[in-house]
Amino acid sequence: MITNFFEGMGAYVLLMTKVFRRPDRWRLFMRSLVQEIRLLGLDSISIVVILSVFMGAVVTIQTAFQLSDDPLIPTYYIAMATRESITLEFSPTVVSLILAGKVGSNIASSLGTMRVSEQIDALEIMGVNSASFLILPKVAALVLFNPVLIILSLFLGLWGGAMAGDLLGLVPFQESIMGYRLEYIVFENAIYGLIKATAFAFIIGSVSAYSGYSVKGGAVEVGIASTNAVVRSCLAIILANYLLTDLILTS
Amino acid sequence: MIQAKGIVKSFGENHVLKGIDVDFIQGQTNLIIGRSGSGKTVFLKTILGLFEPDQGSIHYGNEVLGEMTKARRKTLRQEIGMVFQGGALFDSMTVAENIRFPLEMFAAMTEQEKDERVKFVMDRVRLDGAADKFPSEISGGMQKRVAIGRAISMNPKYLFCDEPNSGLDPETAIVIDQLIQELTHEFNMTTIVNTHDMNSVLEIGDHVIFMKEGHKVWEGTNSEVLGSTNADVEDYVFKSKLFKQVRQAFRK
């Protein structure tokens with residue numbers, strides 16, 4: 001098992017050295033990039049919207065439930081705690097984990113199908129660097145667009161939290177806004193989340209692409225690769241989350 | 001012309017190719033035939049450079065494949081057209097986009113020249129009216145013609161076909177065979193076809209190579225196949241009643 005892990009890591013690194021090459025044709029690369037942004041980014045907006053609004057609402061309710069017993073704590077502190085949870089962890093990490101499921105399986109299954117139907121072999125025989133041609137636009141699209149999704153998630157999460165707090169009578173809307181603005185530090189709250197979002201986007205794109213690109217066999221193996229892509233991406237995100245949190249907050 | 005000299009290839013303890021010498025002749029359809037597991041596909045992939053031979057060498061004209069620089073190998077690939085068994089068409093692209101793809105990647109042409117080339121190729125492989133269709137919307141025979149069109153769009157010197165007739169009805173298979181042979185003669189390509197189909201052998205086999213257990217055991221023309229007294233060839237070619245009758249008729 002350990003040997004397999006290191007063999008897999010080696011194959012992943014070798015694949016990435018093939019991926020990050022100058023595209024043969026910039027025009028085709030840009031066309032692919034736009035298509036991938038639409039497919040992997042824009043098509044994910046609806047799930048991000050729904051997830052973020054309800055995530056914000058639940059975090060507010062949970063926080064209010066924990067803090068409302070103490071009458072000395074002002075209610076806007078509930079909003080402040082919600083903001084910290086959403087901007088530092090929930091938006092970048094949970095949204096990326098959900099996207100690892102949606103986007104990761106899409107990438108792995110599309111590349112896996114291209115592999116088993118010999119479309120990747122056809123590219124190689126033509127002299128095209130298939131790894132760079134197919135994978136680079138996907139990774140680039142995710143790295144560019146995932147931060148946009150995370151910013152969207154961040155605002156919608158906070159809005160969902162404020163709305164839920166107001167509707168349920170836990171925190172008045174104006175006090176939520178006050179709490180969100182209290183002791184707000186741009187780096188800790190926003191930049192930190194965006195650094196994570198960018199790193200997680202790279203993980204989702206590259207790990208899923210590796211799973212799909214290295215498929216051998218047929219339809220069953222494509223299915224296994226799709227599952228592996230999601231599992232590996234999620235594990236890598238969780239590990240990277242720990243490392244990044246430690247690295248950024250303690251440095 | 002492509003030459004294979006003393007090709008040996010093994011995968012671990014599995015010795016697949018055991019010293020093959022063949023000259024593939026320019027302007028002719030060179031057919032590799034043999035049973036499943038005889039090493040045909042490995043041989044084809046070795047000629048293409050997808051596998052490195054353990055011993056021996058592949059010669060494209062006066063150049064040795066194993067001694068070519070990376071840059072030269074890349075340009076060589078642009079001189080090669082390949083028709084895969086399943087077509088291997090890009091399913092997110094239309095028929096016209098599939099044929100245009102190699103031109104977009106490598107050709108130093110204006111957009112108008114590319115349009116004209118695509119039109120010429122589509123006419124040549126008889127794909128009128130299918131330009132805007134996706135591979136999933138056309139028949140198996142048409143998919144094979146698109147694959148042939150894509151393979152010849154860069155006007156290659158070498159054409160490789162891996163079982164181009166598999167999954168086709170006999171009538172369509174003959175159309176595909178004839179198309180491959182016409183294009184080979186018309187563009188003076190060195191064409192190598194990997195096939196099981198005896199109809200193809202008789203129809204277009206300008207030069208036939210019979211492989212068995214990693215060895216080349218016989219070579220000749222399609223007409224010589226029918227008169228062959230080689231026991232392995234007889235055993236393979238004349239297994240069916242139909243071909244036994246064909247041989248009897250041929251020998252009379």
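**Briefing: chains A and B of a predicted model**

B:Glu213 sits in the loop of chain B between β9 (207-212) and β10 (215-220); helices (H or I, at least four residues) and strands (E, at least two) are DSSP runs, numbered from the N terminus. The model is predicted: local features need pLDDT of at least 70 and side-chain atom pairs count only at pLDDT 80 or more, while totals for chains, interfaces and linings use all residues. Residues are numbered from 1 along each chain as its sequence is written, and chains are lettered from A and ligands numbered from 1 in the order in which they are written.

- B:Glu213 has a phi near 50°, a positive value in a residue other than glycine.
- B:Glu213 counts as partly exposed because it has 15 C-beta neighbours inside 10 Å. A residue is buried if 20 or more other C-beta atoms lie within 10 Å of its own, exposed if 12 or fewer, and partly exposed in between, with C-beta atoms placed from the backbone.
- B:Arg126 lies in the loop between α4 (111-124) and α5 (140-152) of chain B, and its phi is near 55°, a positive value in a residue other than glycine.
- B:Arg126 has 12 C-beta neighbours inside 10 Å and therefore counts as exposed.

**Domains of chain B**

- Chain B is divided into domain 1 (2-79 + 159-251) and domain 2 (90-155), with bounds from an automatic or database domain assignment.
- The C-alpha centres of domain 1 and domain 2 of chain B are 26 Å apart.
- Twelve residues of domain 1 of chain B are in contact with eleven residues of domain 2 of chain B (C-beta atoms, placed from the backbone, within 7 Å).
- On the side of domain 1 of chain B that touches domain 2 of chain B, helix α6 (residues 170-187) of chain B gives the most, with seven residues.
- That side of domain 1 of chain B has nine nonpolar, three polar and no charged residues. Ala, Val, Leu, Ile, Met, Phe, Trp, Tyr, Cys and Pro count as nonpolar, Asp, Glu, Lys and Arg as charged, and the others, Gly among them, as polar.

**Contact between the chains**

- Contacts join 13 residues of chain B to twelve residues of chain A.
- On the side of chain B that touches chain A, α2 (70-77), β6 (80-83) and α3 (95-106) of chain B each supply at least two residues, and the largest share, three residues, comes from α3(B).
- The side of chain B that touches chain A divides into eight nonpolar, two polar and three charged residues.

**Chain A**

- Chain A has nine helices and zero strands.
- Of its 251 residues, 43% count as buried.
- The C-alpha atoms of chain A fill a box of roughly 70 × 40 × 35 Å along the principal axes.
- Among contacts in chain A between residues at least 6 apart in sequence, 87% join residues at least 24 apart.
- Of the 18 residues of α1(A), one is buried, so this helix lies largely in the open.

**Helix packing in chain A**

- α6(A) and helix α7 (residues 173-181) of chain A pack at an angle of about 140°, with their axes 8 Å apart. Axes are lines fitted to C-alpha atoms, for helices over the stretch in contact, and angles run from 0 to 180 degrees between N-to-C directions.
- Where α6(A) meets α7(A), A:Leu158, A:Gly161, A:Ala162, A:Gly165 and A:Asp166 face A:Phe173, A:Ser176, A:Ile177 and A:Tyr180.
- The residues of this contact of α6(A) with α7(A) comprise five nonpolar, three polar and one charged.

Notes. Contact = placed C-beta atoms within 7 Å.
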